[in-house]
Amino acid sequence: MVIKRHSSHSSAVAAGLAVAAVLALAGCSGERTARPQAEQRPTPPPARLAVTPAHGTEDARPDRPITVQATGGTIQRVTVTGKGRTVEGGLDPTRTRWTSRWTLRPDTDYLVTATAVSPEGRTTTVTSAFSTLKPKQTIGVAAAAPFDDETVGVGMPIILTFDRPVYNKAEVERALHVRASRPVEGAWRWIDRRQVVYRTRKYWPAHTDVTLHARLAGVRAARDVYGTRDLTLRFRVGDAQMSVAGARTHQMVVTRNGRTVRRIPVSMGKATKRAYTTTNGVHLTMEKAYHVVMDSATVGIPKGHPEYYRLDVYYAVRISDSGEFTHSAPWSVASQGNENVSHGCVNMSPRNARWFYRFSRRGDIYKITGTDRELEWNNGWGYWQMSWPEWRKGSALD
């Protein structure tokens, strides 16, 4: 009986071990077939850059900007060079678009190098080369006033003259930038298609440094007409010098920075006819000459006329284009301070005329009161005769 029980137990154990072995093998085999393979993530694309004008362009218009556009990333840097000069530009708030700031130079090779970065940090760099067109016609500009490095009066305008007509006035005016060391408000006014004038709303503050940048290279001034050179003009406004001459008081009061420095007896136009009436209003001192020959034929009184004259005058300061000067008049000293006897000029004694000649700067304010002949705004530098709202209407951008 004992032996039988033992035999039965041994058989059960052996059978259990066999089943366990089979299960173990089955479990191992199932684990291998169910294990997943590692996932392969796609590589993110790099940022893309597009440059305009396109690479290889040979006749790009210089008045159209260079642009660099990024897709799938942001722009890190852009460098543009042409003829050894770096082109200025800026990014938009999203840093996905760069645009050049000024017009380009005609007939010039340009090289653009741009770098962008993707959100994952991958960088992309592209280069692009192109050329601007060679213009059929060009336009140049010169400053008629003031001179470079000149010290001027507080009323001084900036006068630019072009060597051919301007038809795209707005494009040209956008290229004219005036910067002053003291705050001013000013505006350009087109006199005609060849001349534009800048005037401040009020007189320049004394002792102001002024710079004009006329960035005209690449500006399309008319059909097939482009500027090829920029112009930079620097000048300084000196003391606030002002003279007020009264046709009724026969006196001229000269001030510097608000302080009276001299009172001068004068004689002005005798006003027997309009041509002999000194113009009323705000003039500017325009030029000086030690010796001037005054010929009445230049103001419509020809040789042979009973009132024709031809005189040598000294210490002459021009105040209009209609023949008006302040000058030495030794022949009218007795009338100076008492009556008006000239043909329209402001007469002074030789001593006073010499002093005023040395005192004056171009652009000083010269105001005449007491006559019924008003100075025209375009007679010489009579620009202060026009109201500020009216002046601004002459701007192509107003």
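These are my notes on a few spots I looked up in this predicted model.

**Entry 1**

I started with strand 7, residues 109-117. It pairs with strand 3 (residues 74-82) in the antiparallel sense, and I have eight bridges down for that pairing.

Then I turned to strand 8, residues 123-131. Strand 7 and strand 8 also run antiparallel, joined by nine bridges. Here A114 has V126 in strand 8 as its bridge partner. The two strands make a hairpin with five residues between them. I looked at the turn as well: G121 sits there with a positive phi of about 95°.

**Entry 2: V166**

Next I went to V166, which is in the loop between strand 12 (158-162) and helix 2 (169-174). Is V166 buried or exposed? I call V166 buried, because its relative accessibility is 0%, and the cut-off for buried is under 20%.

Leaving out neighbours within four places in sequence, I listed the contacts of V166 as I139, V172, W190, R193 and A221. I also checked A222: its C-alpha is 5.9 Å from that of V166, though the two residues are 56 apart in sequence.

**Entry 3: S360**

Last stop was S360, in the loop between helix 3 (350-359) and strand 28 (365-369). S360 has 4% relative accessibility, so I put it down as buried too.

What lies 2.9 Å from a polar atom of the S360 side chain? I found the backbone oxygen of F356 there. With neighbours within four places in sequence set aside, S360 is in contact with Q241, K288 and V317.

Terms used. Residues are numbered from 1 along each chain as its sequence is written. This is a predicted model: local features need pLDDT of at least 70, side-chain atom pairs count only at pLDDT 80 or more; totals for chains, interfaces and linings use all residues. Side-chain values use heavy atoms; hydrogens and water are left out. Two strands pair if DSSP finds at least two bridges between them. Helices (H or I, at least four residues) and strands (E, at least two) are DSSP runs, numbered from the N terminus. Buried means under 20% relative accessible area, exposed over 50%, partly exposed in between (1.4 Å probe, protein chains only). Contact means heavy atoms within 4.5 Å. A polar contact is a pair of N or O atoms within 3.5 Å; within protein, one must be able to donate a hydrogen and the other to accept it, and residues adjacent in sequence count only if both atoms are side-chain atoms.
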